[in-house]
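Good morning, and thank you for coming. Please look at the structure as it comes up, and I shall then take you through it.

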Amino acid sequence: MADKAKIAILLSGRGSNMAAMVYAAKLPDCPFEIVLVASNDLKAPGLKLAEAESIATFAHSHKGLTREAHDIIMHDAIVRSGAEYVVLAGYMRILSDGFVRKWADHMLNIHPSLLPKYKGLDTYQRAIDAGDDVAGCSVHLVTPELDDGPILAQTEVAILPDDDADSLASRILIAEHQLYPSTLAKYVTREADPDWILGQVRQRALALAETHERPSFGAPGWRVGSKTTGKYFAYLAQSHHGEASIALLVKTTGLDEQAALIDADPDLYYIPKFYGKSGWIAIRLDTGRTDWDHISDRLYASWRQVAPKRLTKMIAIADQF
Ligand code: GRF
């Protein structure tokens, strides 16, 4: 398996979600490892458990510090630990925008409601009072707005007729302990997930002018121009022979550029079957180090090769200046 993703967990309390993460990380196929458990509360019970499990801990009280100053101390400790992701597990601090920005797309939180319902506190009682049949929990990416980032996964938990906030909370917690580690595992391996890769390519291909998607011999493909006369400028090639591999096929300006690209990075580029002769190039998307800006550039360059003149004319004029 590739290197495991390094995780820092922030908590303020008992740390049962942290424990669920720690035990999930002990399973042989788990794609992440916990490199730090940090807290704003020196007495947080979760710290003791982490120490007992031989995980590095860090604690620094927020008292007497501005939010920004405390966040910088936490951030520095996380960076020193080598963590690539931050997992919030009952961290009872509102985070400064600066901290959230530094960990954008690399920080997850778990919230005990079916977001976007019941952000903030008291989620269980609010769900019961509203007469809901189900409550639950959500794992989401952290953005500056509280409990508001993109939802990665949710579990529904039935509300029983005689539930009170405590009984419901303890059942939701069981669901949390299942949901959080599995969602984190999926998230840190997303770049190897063919569906995620397809989504990334699709979003970039369809962002170009007058494009649409049309499969070709079972492979996703993107065309520019009208639905009837449009021309392909990209395909997603997936081969299932032996080692699964996934690559983007785009047009170059010709065989010279095709050769130059392969010369420059033979691990990234290769000549695709069938299309190679007409100057197409394959760019591997399964290396785990895909530069998505580069993919956008190559899609655009390919689009320009086949787009109708009326679309490229203005660009050609602009390029002269
Ligand atoms: C959980 O209810 C979680 O949903 C919320 O904070 C609580 C943390 O509990 N974000 P624990 O410290 O993980 O036991």
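I shall speak about the ligand and its surroundings, and then about several loop residues.

Please bear in mind throughout that this is a predicted model.

Let me begin with the ligand. Where does the ligand sit? The ligand is found in the largest pocket. Around the ligand are Arg14, Gly15, Ser16, Asn17, Gly90, Ile110, Pro112, Tyr124 and Glu176.

Asn17 contributes its backbone, where a polar atom is 2.8 Å from an oxygen atom of the ligand. With Ile110, the ligand atom concerned is a nitrogen, and it is 2.9 Å from a polar backbone atom of that residue. How much of the ligand's accessible area does the protein cover? On its own the ligand has 370 Å² of accessible area, and the protein covers 87% of that.

I turn now to backbone geometry.

Pro116 belongs to the loop that runs between β5 (107-111) and α5 (123-129).

Ser54 lies in the loop between α2 (45-52) and β3 (57-59). Its relative accessibility is 68%, so Ser54 counts as exposed.

Phe217 also has a positive phi, in this case of about 50°, although Phe217 is not a glycine. Is Phe217 buried or exposed? Phe217 is exposed, because its relative accessible area is 86% and the cut-off for exposed is over 50%.

Finally, I would draw your attention to Pro144, in the loop between β6 (134-141) and β7 (151-158). Pro144 has a relative accessibility of 55% and therefore counts as exposed. Between Pro144 and Ala301 there are 157 residues of separation in sequence, and their C-alpha atoms are 35 Å apart in space.

That concludes my remarks, and I thank you for your attention.

How values were computed: Residues are numbered from 1 along each chain as its sequence is written. This is a predicted model: local features need pLDDT of at least 70, side-chain atom pairs count only at pLDDT 80 or more; totals for chains, interfaces and linings use all residues. Side-chain values use heavy atoms; hydrogens and water are left out. A residue is near a molecule or strand if one of its heavy atoms lies within 4 Å of it. A polar contact is a pair of N or O atoms within 3.5 Å; within protein, one must be able to donate a hydrogen and the other to accept it, and residues adjacent in sequence count only if both atoms are side-chain atoms. Accessible areas come from the Shrake-Rupley method with a 1.4 Å probe; for residues, only the protein chains shown count as cover. On a 1 Å grid over the protein atoms alone, a cavity is a set of points where a 1.4 Å probe fits but cannot get out, and a pocket is an open set with protein on both sides within 12 Å along at least five of seven lines; lining residues have an atom within 4 Å of a point. A molecule sits in a cavity or pocket if more than half of its atoms lie within 2 Å of its grid points. Helices (H or I, at least four residues) and strands (E, at least two) are DSSP runs, numbered from the N terminus. Buried means under 20% relative accessible area, exposed over 50%, partly exposed in between (1.4 Å probe, protein chains only).
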